[in-house]
Amino acid sequence: MPLQSRHLLGLDGMRREDIQLILATAVSFREVLDRPIKKVPPLTGKTVANMFFENSTRTRLSFELAERRLSADVLGFTSTGSSVSKGETLKDTARNIEAMKIDMVVMRHSAAGAPHYLSKVIESNVINAGDGGHEHPTQALLDMYTIRERHGRIEGLNVCIVGDISHSRVARSNIYGLKTMGANVSVCGPATMIPRDIEKLGVDVYNHLDDILPRVDVLNVLRIQLERDAGRLFPSIREYHNCYGITRARLEKAGRTMTIMHPGPINRDVEISADVADSEHSVILQQVLNGVAIRMAVLYLLSTK
Amino acid sequence: MRKLKAQIMDEAGLDRTITRLAHEILERNKGAESIVIVGIRTRGEFIARRIARKIEEAEKVKLNIGSLDITLYRDDLLGKLEQPQLKSSEILFDINDKNVILIDDVLYTGRTIRAALDELIDLGRPSTIQLAVLIDRGHRQLPIRADFVGKNVPTSSRESIRVHVKEVDGEDSVLLMHPEENE
């Protein structure tokens with residue numbers, strides 16, 4: 001059964017069958033990544049444009065690798081040094097690139113909804129690689145893949161997301177996806193970082209880690225975005241670390257082994273201590289590897305639509 | 001619904017054919033030493049396992065058996081409306097310098113075999129690749145020939161061949177079906 005949409009804009013409203021199809025397809029691509037020649041031909045002749053209007057290393061490399069491993073031709077684009085800085089509109093930029101006969105667009109933009117807008121003005125398939133504080137669907141899909149790989153299921157697991165929920169597209173996409181797949185989702189952080197009305201998405205809210213940790217199966221630790229003057233949201237980095245930093249001592253006190261995830265890049269000893277990030281319960285590097293397989297699955301499934 | 005035209009093999013017939021194919025493979029390769037077995041999903045995988053078991057019984061050896069999902073290598077993938085469900089290939093051994101016995105249930109246009117050859121070559125450099133099929137029904141569209149054939153069945157291209165195996169279909173048989181009535 002094919003995907004419902006010909007774009008991947010977000011997990012809000014995505015059907016459970018669609019998420020399951022993407023996760024199942026990614027298993028096949030994960031196997032390809034273990035081969036001596038990590039390349040298969042299904043996107044031969046297709047051209048994918050990676051339009052990154054906002055900085056990214058990991059996501060851009062992951063998409064680019066996924067595209068190349070499916071034998072697609074890849075166009076790179078970053079806003080610095082392009083006509084965007086000369087005042088060209090998003091629509092004009094995209095339509096100019098599309099005029100060169102491309103088939104798919106992977107887009108990151110600082111404005112929420114930018115990929116949704118793009119999908120209405122161009123013919124290509126659009127994949128959202130992060131739009132402002134809105135969604136980052138492939139990150140949530142790779143998180144769910146990693147959870148399933150580790151626990152064998154998603155349904156019924158207690159997943160807690162810790163950090164700046166207000167400004168996190170990773171949190172938002174994870175909440176939509178995990179709820180659809182039947183997980184119990186909670187968020188934890190200082191009140192200044194929890195959006196009002198977040199309960200309406202069906203999550204439990206905690207302001208103290210120790211209240212929720214003893215029941216958690218999967219802990220997804222968000223990065224503190226020091227560059228987005230997060231300093232206004234809490235008194236000091238040290239205080240944040242003391243209250244919300246994931247440390248070995250805190251986990252031992254909770255008395256429960258849990259899977260530790262982080263979307264990267266990590267600030268060691270801010271939101272997560274170095275020994276926890278490197279511990280056997282941390283799946284941070286598996287997330288990176290699974291990300292390539294998930295993106296291959298999404299590109300493959302959208303390529304015939 | 002297609003109607004049955006003839007039964008080509010029953011359970012005993014299928015077993016005899018698989019036994020003969022196993023012995024022909026052994027004869028051509030002078031034993032089982034360098035052989036690895038690769039079946040094409042879905043039905044070819046089960047035929048491959050049975051041929052492998054016959055070889056193992058005859059030679060008292062243990063063979064490496066793998067399966068290939070050729071979906072990603074199909075030449076009609078981008079034109080298809082319905083995307084086939086992707087399954088994984090499972091070849092957990094080295095095929096370099098081995099004699100790979102590639103096994104499928106029915107040889108028809110040859111396009112599946114072309115895809116399988118491309119995928120195998122991406123996995124390594126076998127010494128030889130030999131093709132064994134249960135049924136060769138003709139109508140090739142590519143210059144591909146099987147090394148071992150269970151049975152040649154002349155067909156019209158509007159007819160179809162159904163290979164049933166116990167593991168999937170609950171019974172062992174090979175059936176020739178009439179063309180679709182509304183065709």
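Which residues touch the most other members of the largest nonpolar core? In this predicted model, they are B:Val38 and B:Ile51, in a core of 136 residues.

**View 1. The largest nonpolar core holds 136 residues.**
Helix 11 of chain A, residues 284-302, supplies the largest share of this core, with ten residues. Domain 1 (16-135 + 290-302) and domain 2 (137-287) of chain A both contribute residues, so the core lies between them. On the chain B side, B:Val38 touches B:Ala48, B:Gly66, B:Ser67, B:Leu68 and B:Ile91, among others, leaving out residues up to four places away in sequence. Also among its contacts are B:Val100, B:Ile101, B:Leu102, B:Ile103 and B:Leu120.

**View 2. Chain A meets chain B through 14 residues on each side.**
Helix 1 of chain A, residues 16-32, gives the largest share of the chain A side, four residues. By residue class, the chain A side divides into eight nonpolar, four polar and two charged.

**View 3. Chain A is assigned two domains, domain 1 (16-135 + 290-302) and domain 2 (137-287).**
Their C-alpha centres lie 26 Å apart. Contact between them involves 19 residues of domain 1 and 19 residues of domain 2. On the domain 1 side, the elements that give two or more residues are helix 1, strand 4 (125-131) and helix 11 of chain A. That side comprises seven nonpolar, seven polar and five charged residues.

**View 4. Strand 5 of chain A, residues 158-162, is mostly covered.**
Four of its five residues are buried. Strand 5 runs parallel to strand 6 of chain A, residues 184-188, and five bridges join the two. One bridge pairs A:Asn158 with A:Asn184 in strand 6 of chain A.

**View 5. Five strands of chain B form an open parallel sheet in the order 3-2-4-5-6.**
Strand 3 (64-68) and strand 6 (148-152) of chain B stand at the edges, each with a single partner strand, so one side of each has no neighbour in the sheet. Neighbouring strands are turned by 20° against each other on average, direction ignored. Strand 2 of chain B, residues 35-40, pairs with strand 3 of chain B in the parallel sense over five bridges. Here B:Gly39 stands opposite B:Ser67 in strand 3 of chain B. Helix 1 of chain B, residues 11-28, packs on the sheet. This helix touches strand 4 (99-107), strand 5 (128-136) and strand 6 of chain B, and its direction makes about 150° with that of strand 6. Helix 2 of chain B, residues 43-59, lies across strand 2, strand 3, strand 4 and strand 5 of chain B. Helix 2 runs at about 150° to strand 2 of chain B.

**View 6. Three strands of chain B form an open antiparallel sheet in the order 1-8-7.**
Strand 1 (4-9) and strand 7 (160-164) of chain B stand at the edges. Each has a single partner strand, so one side of each is left without a neighbour in the sheet. Strand 7 and strand 8 (residues 173-177) of chain B pair in the antiparallel sense over five bridges. The bridge partner of B:Arg162 is B:Leu175 in strand 8 of chain B.

**View 7. B:Arg43 sits in helix 2 of chain B.**
Is B:Arg43 buried or exposed? B:Arg43 is buried, because 21 other C-beta atoms lie within 10 Å and the cut-off is 20 or more. Beyond its neighbours within four places in sequence, B:Arg43 is in contact with B:Asp105, B:Val163 and B:Val165. B:Glu171 is 128 residues away along the chain, with a C-alpha separation of 13 Å from B:Arg43.

**View 8. Cis peptide bonds join B:Arg41 to B:Thr42 and A:Gly264 to A:Pro265.**
For the bond between B:Arg41 and B:Thr42, omega is about 10°. B:Thr42 belongs to the loop between strand 2 and helix 2 of chain B. For the bond between A:Gly264 and A:Pro265, omega is about -10°. A:Pro265 is in the loop between strand 9 (259-261) and helix 10 (274-277) of chain A.

**View 9. B:Lys30 has a positive phi, and so does B:Lys60.**
B:Lys30 is not a glycine, yet its phi is about 50°. Its loop lies between helix 1 and strand 2 of chain B. B:Lys30 counts as exposed, with 8 C-beta neighbours inside 10 Å. B:Lys60, not a glycine either, has a phi of about 55°. The loop holding B:Lys60 is between helix 2 and strand 3 of chain B. B:Lys60 is exposed, with 7 other C-beta atoms within 10 Å.

Note on methods
Residues are numbered from 1 along each chain as its sequence is written. Chains are lettered from A and ligands numbered from 1 in the order in which they are written. This is a predicted model: local features need pLDDT of at least 70, side-chain atom pairs count only at pLDDT 80 or more; totals for chains, interfaces and linings use all residues. A nonpolar core is a set of buried Ala, Val, Leu, Ile, Met, Phe, Trp, Tyr and Cys residues joined through C-beta atoms within 7 Å. A residue is buried if 20 or more other C-beta atoms lie within 10 Å of its own, exposed if 12 or fewer, and partly exposed in between; C-beta atoms are placed from the backbone. Domain bounds come from an automatic or database domain assignment. Two residues are in contact if their C-beta atoms, placed from the backbone, lie within 7 Å. Ala, Val, Leu, Ile, Met, Phe, Trp, Tyr, Cys and Pro count as nonpolar, Asp, Glu, Lys and Arg as charged, and the others, Gly among them, as polar. Two strands pair if DSSP finds at least two bridges between them. Axes are lines fitted to C-alpha atoms, for helices over the stretch in contact, and angles run from 0 to 180 degrees between N-to-C directions.
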